[in-house]
Structure formats: structure tokens, C-alpha cells
Amino acid sequence: MPHAPVPHPLDNPARAALTGPHAHVAERYGALLRYPADMAPWLALPADPEETDWADVAAFAGPGGALALAGFAGAPPAGWEVTFQGDGVQMVDAGLAAKPDEEAVRLGPADVPEILDLIERTRPGPFFTRTVELGTYLGIRRGGALVAMAGERMRPPGWTEISAVCTAPEFRGQGLAARLVLAVADGIRSRGETPFLHAAADNTNAVRLYESLGFRLRRSMKFLGVRVPAGTAVTTG
């Protein structure tokens, strides 16, 4: 019998990361995997979730619980609320001129309050109090204040996602985001891994920037938020 094709790590990046380099932070319930809620929002379903998997989701989140799925192409069970749905793109390194940046500084837990303030003002995507623990985050400061940043989030085997790319509005147009993306990519490549990233499909400015730096489109994908019906009966065991 022919062997089933081996899935690409980026087809289900959260699951590949949580069964690989990020397995040490994974929260598990049955066949489900999830990042801690203060690190990242993503729940990792099996490639083709069955009824029992959705029952585990309900038990995991609890009645009325909300969850986020990245790259899930299916639909939740009937009666579940879709809280958000967005079109995204997944882009991979196809010739980045990756290099360190002399002005970039490593960000850590002590910088989280300032990071969260910058995230709030720029809205690049989900970032929580412990997201900075998932990889290397670099920032640029001006006058002592953090004005731009980028870093690493999901790490499927052989790959690392560049995430949280943002610049304070008053410092845009200076190429800071591009410099930080290339600096983060340099660190990823130094480990023998390949950079990739996600962006909203309608964020044409960001997509154009990434293409100009040397990323290419790998696939279109969906970002989905779902909520367990409040009256759902759940079982544990």
C-alpha cells in the first residue's frame, strides 16, 4: 500500500511546533495541543478533527470558552459561534538579505510592559505577557523608548515564525521594521532554520514589504476564532 504523504510542518504550524521545539510549553488534552494562554492564542487540532476531538475542545475550553485556530480549513460543529474569521497569507524565506543590526537590542521579560504598550498602539497581532519567552525578540530604542520590534513565535521543526513586527506611528517610514525582520531572520538562519511569517491578506503594505525583502507566498490560509456553546455538556477523563 502506498504511504500517506508526510504533512509539511507549515501546513499545521502550531501543532508542528507544539509537538517539536515548543513541546515543553504545550498544554495537552486528548489529541489537542495549546500554547499557554499568556504565551499565544493558538489551539492545535489534528489535521482532520473528528467528533471526539471537538468534544475534547469543549472540555478543554469549557462552556462559553473561546479559542483561536490558525490555518484550519474546516468548520466547527453546528451551533458553535465563530467569533472572528480572517483571510491570511503564509510567506517563506526565498532570498532574504538577512543580517544583524547594530542598533537592535534583545528584549526580555523586563521589557514586557513597554512591549505591550507598543503592541497596543500598533496592533500587529496577538502578544501576551509571556510571548517574549517563545524566542528572540529584538527592538530599536530612540531616546530610551522602544519604537520598533520584531521577534520569533511558532517554531515548527526546521522553521521559525517572525512575528510582532511593528513600529510606533511617529517613527514609520524609516525602515526600522525591515531592519528588524532581517536581523531576526539572521538569528533564525544561524540555527539552520528557515524564517516564515503570517500576515493578514488585506494588509497590502505589509505583504509588499515582505515581498520586497525576499519572502514569497507559500499559501493562503484562514484565521478562525470559535466559542464553545454556553450550554454544552462536557466530560472529563
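Visitor: Which strand is Lys222 found in?
Guide: Lys222 sits in strand β11. Strands are DSSP runs of E with at least two residues, helices are runs of H or I with at least four, and both are numbered from the N terminus. By the way, this is a predicted model, where local features need pLDDT of at least 70 and side-chain atom pairs pLDDT 80 or more, while totals for chains, interfaces and linings use all residues. Residues are numbered from 1 along each chain as its sequence is written, and side-chain values use heavy atoms, leaving out hydrogens and water.

Visitor: Why is Lys222 called partly exposed?
Guide: Its relative accessible area is 34%. Buried means under 20% and exposed over 50%, with partly exposed in between (1.4 Å probe, protein chains only), so at 34% Lys222 is partly exposed.

Visitor: What makes the link between the side chains of Lys222 and Asp87 a polar contact?
Guide: The two side chains are joined at 2.4 Å. A polar contact is a pair of N or O atoms within 3.5 Å; within protein, one must be able to donate a hydrogen and the other to accept it, and residues adjacent in sequence count only if both atoms are side-chain atoms. At 2.4 Å, the pair falls within that limit. Asp87 also stands opposite Lys222 in β11. Leaving aside neighbours within four places in sequence, Lys222 is in contact (heavy atoms within 4.5 Å) with Leu69, Gly71, Phe72 and Gln85, among others.

Visitor: How do you know that β5 and β11 pair?
Guide: Twelve bridges join β5 (residues 81-93) to β11 (residues 215-227), and the two run antiparallel. Pairing takes at least two bridges found by DSSP, so twelve is enough. Both belong to an open sheet of eight strands with mixed pairing, in the order β4-β11-β5-β10-β9-β8-β7-β6.

Visitor: What makes β4 and β6 stand at the edges?
Guide: β4 (66-70) and β6 (105-107) each have a single partner strand, so one side of each has no neighbour in the sheet.

Visitor: How do you know that the buried residues of α5 line one face?
Guide: The buried residues of α5 (residues 204-213) are Ala206, Val207, Tyr210 and Leu213. Seen down the helix axis, they fall within an arc of 125 degrees, so they line one face; the arc is that of the directions from the axis to the C-beta atoms. The face turned away from that buried side carries the exposed Asn205 and Ser212. What covers the buried residues includes β5, β9, α4 (176-190), β10 (194-200) and β11.

Visitor: Which residues have the most contacts inside the largest nonpolar core?
Guide: Ile115, Phe127, Met149, Ile162, Tyr210 and Phe215 do, in a core of 43 residues. A nonpolar core is a set of buried Ala, Val, Leu, Ile, Met, Phe, Trp, Tyr and Cys residues joined through side-chain atoms within 4.5 Å. The largest share of this core, ten residues, comes from α4.

Visitor: Why does Ala164 count as buried?
Guide: Its relative accessibility is 8%, which puts Ala164 below the cut-off for buried. Ala164 lies in strand β9, and its phi is positive, near 55 degrees, though it is a residue other than glycine. Most residues other than glycine have a negative phi.

Visitor: And what makes Arg123 exposed?
Guide: At 61% relative accessibility, Arg123 passes the cut-off for exposed. Arg123 is found in the loop between α3 and β7, and has a positive phi of about 55 degrees although it is not a glycine.
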